[in-house]
Amino acid sequence: MANFFKSLFFGEGEETAEVKAQKNFDVLKYDGIKALKVGKTAYAIRCFNEALKIQKDVEVMEHLVTAYSQEDKTEEAVQMAGCLLDEEPDNVGVMLLRANLNYMIERYADVVADCERAVELDDTEVRAYYLAGRAKKKAGDNIGAIVSLSQAIAGKDDYAAAWLLRAEVMLATGSYNDGLQDAEKVVALVPEEEQAYLVRGQLREALKQYGEAEQDYRYVIELNPFNEQAYLQLGSLFIAREQPEEAIELFDEAIELKPDFARAYSERGRARLMKGDKSGSFEDLKKAMELNPEGEDAKKISGTYSNFEDMYKNRPL
């Protein structure tokens with residue numbers, strides 16, 4: 001590698017320094033692009049950075065953002081996206097790219113700022129409204145999230161991701177009927193979207209439509225027998241309805257399909273405790289702890305809880 005760069009910059013010939021620099025830049029740029037295409041990302045990053053030392057180039061910057069992202073170097077990708085915006089301050093695509101990157105590292109205020117600027121430049125850009133809504137939801141601004149997601153939906157009625165996210169926010173805020181309408185819209189748009197049925201099931205459960213909620217959870221399991229959340233939500237519904245035998249049978253099925261499913265053991269233990277089987281419940285908790293030593297069940301076994309029955313109180317899914 002060292003010899004390559006040395007020969008690249010100090011080749012033979014009578015060319016002017018400017019011509020040599022341009023040739024070196026071209027070689028670095030296109031070697032970087034080829035390396036990126038074949039998965040040699042680290043080499044591509046080196047090529048692109050060396051190329052940028054010779055001259056600024058928007059295309060090289062764009063490729064470098066991609067390369068950094070593929071190497072999980074999100075901070076560097078954000079910085080390079082910022083450099084791109086210095087060159088093209090009105091580039092909405094780059095703004096949304098940086099917004100996505102900032103979302104990944106939980107800089108939600110920065111996400112919203114880029115999205116708001118993007119909307120100032122193009123108020124028809126529905127992705128900006130959606131990304132802002134997603135960031136606001138994560139930041140705990142549910143009302144702001146609903147506003148942004150509603151703007152995304154107003155601009156694109158078939159924006160399934162926005163409908164689904166708004167349904168999730170409605171669930172969190174207790175607006176169950178409105179959320180159910182949103183979930184129904186997603187199911188109509190994307191009939192095999194598992195998350196839509198899970199959210200609709202939760203909304204129906206909150207509205208005490210238990211039979212319909214059970215149907216949604218079972219349908220997800222039918223679509224994908226390895227969807228852990230579907231088993232957890234259906235099992236929790238059975239336990240809430242005081243149907244421990246059905247819950248145990250369900251988690252038996254889940255464990256048979258996925259023997260390392262720690263939460264299934266834990267929730268089966270909860271159902272067994274409901275039936276009065278403290279020994280079986282404790283064994284399930286121990287197995288859950290073995291599979292997930294850092295999980296909530298490890299605290300239970302270690303004696304954090306003063307009473308065995310308290311272990312399952314207020315447990316989130």
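Colleague: How many disulfides does a search of the whole structure find?

Modeller: In this predicted model, a search of the whole structure finds 0 disulfides, where a pair of cysteine sulfur atoms would have to lie within 2.5 Å to be counted.

Colleague: Why is C47 called buried, and what is its relative accessible area?

Modeller: The relative accessible area of C47 is 0%, and the cut-off for buried is under 20%, so C47 is classed as buried. C115 is treated in like manner: its relative accessibility is 1%, which is under the 20% limit, and therefore C115 also counts as buried.

Colleague: What makes D182 count as buried, and which residues does it touch?

Modeller: D182 has a relative accessibility of 3%, and because the limit is under 20%, D182 counts as buried. It belongs to helix α11, which covers residues 176-189, and, leaving aside residues up to four places away in sequence, D182 touches W163, R166, A167 and M170.

Colleague: How do you know that the end-to-end distance of helix α14 agrees with what its 13 residues should span?

Modeller: Helix α14 runs over residues 228-240, and at 1.5 Å a residue its 13 residues should span 18 Å, the expected span being 1.5 Å times one less than the number of residues. The end C-alpha atoms of α14 are 18 Å apart, so the two values agree.

Colleague: Why is α14 described as largely enclosed by the rest of the structure?

Modeller: Of the 13 residues of α14, 10 are buried, and therefore the helix is largely enclosed by the rest of the structure. The buried residues are A230, Y231, L232, Q233, L234, G235, S236, L237, F238 and I239, and they pack against α12 (194-206), α13 (210-223), α15 (244-257) and α16 (262-274).

Colleague: What caps the N-terminal end of α14, and what phi does E242 take just after the helix?

Modeller: The cap is N227, which has a side-chain oxygen 3.1 Å from the backbone nitrogen of Q229; as the limit for a polar contact is 3.5 Å, the pair falls within it. Just after α14, E242 takes a positive phi of about 60 degrees.

Colleague: How many helices and strands are there in the protein, and what share of its residues counts as buried?

Modeller: The protein has 18 helices and 0 strands, and 44% of its 317 residues count as buried. Among contacts with a separation of 6 or more, 46% join residues 24 or more positions apart. The protein exposes about 16,500 Å², of which carbon and sulfur atoms supply 47%.

Conventions. Residues numbered from 1 in each chain as written. Predicted model: local features only at pLDDT ≥ 70, side-chain atom pairs only at ≥ 80, totals over all residues. Heavy atoms only, no water. Helix = DSSP H or I, 4+ residues; strand = E, 2+ residues; numbered from the N terminus. Buried < 20%, exposed > 50% of the residue type's maximum accessible area, 1.4 Å probe, protein only. Contact = heavy atoms within 4.5 Å. Polar contact = N/O pair within 3.5 Å; in protein donor to acceptor, adjacent residues only side chain to side chain. Areas by Shrake-Rupley, 256 points an atom, 1.4 Å probe, with all protein chains shown as cover.
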